[in-house]
Amino acid sequence: YVKAVNGVDLTVHEGEIVGVAGESGCGKSTLAEVIAALQERTGGDISIDGTPIDDLLDADTKEFRSQVQFIFQDPFDSLNPRQRVRAAVGEPLKIQGHDPETITRRVRQTVEDVGLEPAEKYLDQLPAQLSGGERQRVAIAQALVLEPKLLICDEPASMLDVSLKANILNILREKANERDIGIVYISHDLASLTQIADRLAVMYLGQFAEIGDTEDVVRSPKHPYTASLLAASPKTDPDATRRRVLLPGEPPNPVDLPGGCNFAPRCPKADESCRAEEPARSAFADDGHEAACYFPVEDVE
């Protein structure tokens, strides 16, 4: 068996954006789909405001879907090509049983809230008539129109150019602040996560290697994997010197993980203790900065 996500512990507060970073195949998207109940979990508990999601799903699936919404990576596939913007954004409200007047009002307001102004210009357009950035804004509007408590974003800006990506990030940050929405933002782009996330969780082979305040993690990473990711991230200053953190080898086979720490086969500091027992996350600051490593990084320029 492959444990795509294993032993993850995550809390998201109202108005907070938690970024989840990691290389392809580490389990980021699986984590997102499990939180949103798009995939069935095989263990563990997930709660919203203290209520287990199983209770919400058993009682009323519509209630759960009104509280948790998902923004997918590809706006070209996530929208129905035959559905106009008005119908696409209004469909969640229609499913929830809102009256036509409320649907019309909230669709227009939400479309303008995501930067598609004036709304009348876009409401009767099909996805093929929109740019990539406009399509992703429609997808965001679909998710926001129900005013959810939790929003899961699975690399929603990865297919957009830099200027459009910045606009999408600004919209999500603004809506988190205005509506107290908790957001899990998943990406391999550390620059985007640094810009938008309040806290940052770094994932490796289905587990969180490090988690903490974004500024603390970026400024002073403790796990060698986090340090390696940050060292590979481009710098805005072309003259800045940076310390390379090279990792030997390849990630281990997820079907046959090694004993102890999953990162040990690639870690330059690993010893027998690392291979014998998996390290627990240890706190390095009072604000909750934690990393799972026996030999944490002490200083990275």
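Which residues is Val 111 in contact with, leaving aside its neighbours within four places in sequence? Keep that question in mind while you open the structure, which is a predicted model, and begin by selecting Val 111, whose place is in helix H6. Show the side chains around it, and you will find Val 85, Val 89, Leu 116, Ala 119 and Leu 123 in contact with Val 111, once its neighbours within four places in sequence are set aside. Val 111 has 1% relative accessibility and therefore counts as buried.

Next, select the whole of helix H6, residues 100-113. This helix has 14 residues and reaches 20 Å from its first C-alpha to its last, close to the 20 Å expected at 1.5 Å a residue. Colour its buried residues, which are Thr 102, Ile 103, Arg 106, Val 107, Thr 110 and Val 111. Because they cover an arc of only 145 degrees around the axis, they sit on the same side of H6. Then turn to the face of H6 directed away from its buried side, where the exposed residues Glu 101 and Arg 105 are carried.

Now go to the two ends of H6. At the N-terminal end, select Asp 99, which caps the helix with a side-chain oxygen lying 3.1 Å from the backbone nitrogen of Glu 101. After the helix, select Gly 115, which follows H6 and has a positive phi, near 95 degrees.

From here, move to the sheet. Eight strands form an open sheet in the order S4-S5-S6-S1-S7-S8-S10-S9, with mixed pairing. Strand S4 (68-71) and strand S9 (282-283) stand at the edges with a single partner strand each, so one side of each is left without a neighbour in the sheet. Within the sheet, select strand S1 (residues 17-21) and strand S7 (residues 199-204), which run parallel and are joined by four bridges; Val 18 has Arg 199 as its bridge partner in S7.

Helix H1 (residues 28-35) touches S1, S4, S5, S6, S7 and S8, and its direction makes about 155 degrees with that of S5. Helix H8 (residues 162-179) touches S1, S4, S5 and S6, and its direction makes about 155 degrees with that of S6.

Definitions and conventions:
Residues numbered from 1 in each chain as written. Predicted model: local features only at pLDDT ≥ 70, side-chain atom pairs only at ≥ 80, totals over all residues. Heavy atoms only, no water. Expected span 1.5 Å × (residues − 1). Buried < 20%, exposed > 50% of the residue type's maximum accessible area, 1.4 Å probe, protein only. Arc of directions from axis to C-beta. Polar contact = N/O pair within 3.5 Å; in protein donor to acceptor, adjacent residues only side chain to side chain. Pairing = 2+ DSSP bridges. Contact = heavy atoms within 4.5 Å. Axes fitted to C-alpha atoms, helices over the stretch in contact; angles between N-to-C directions.
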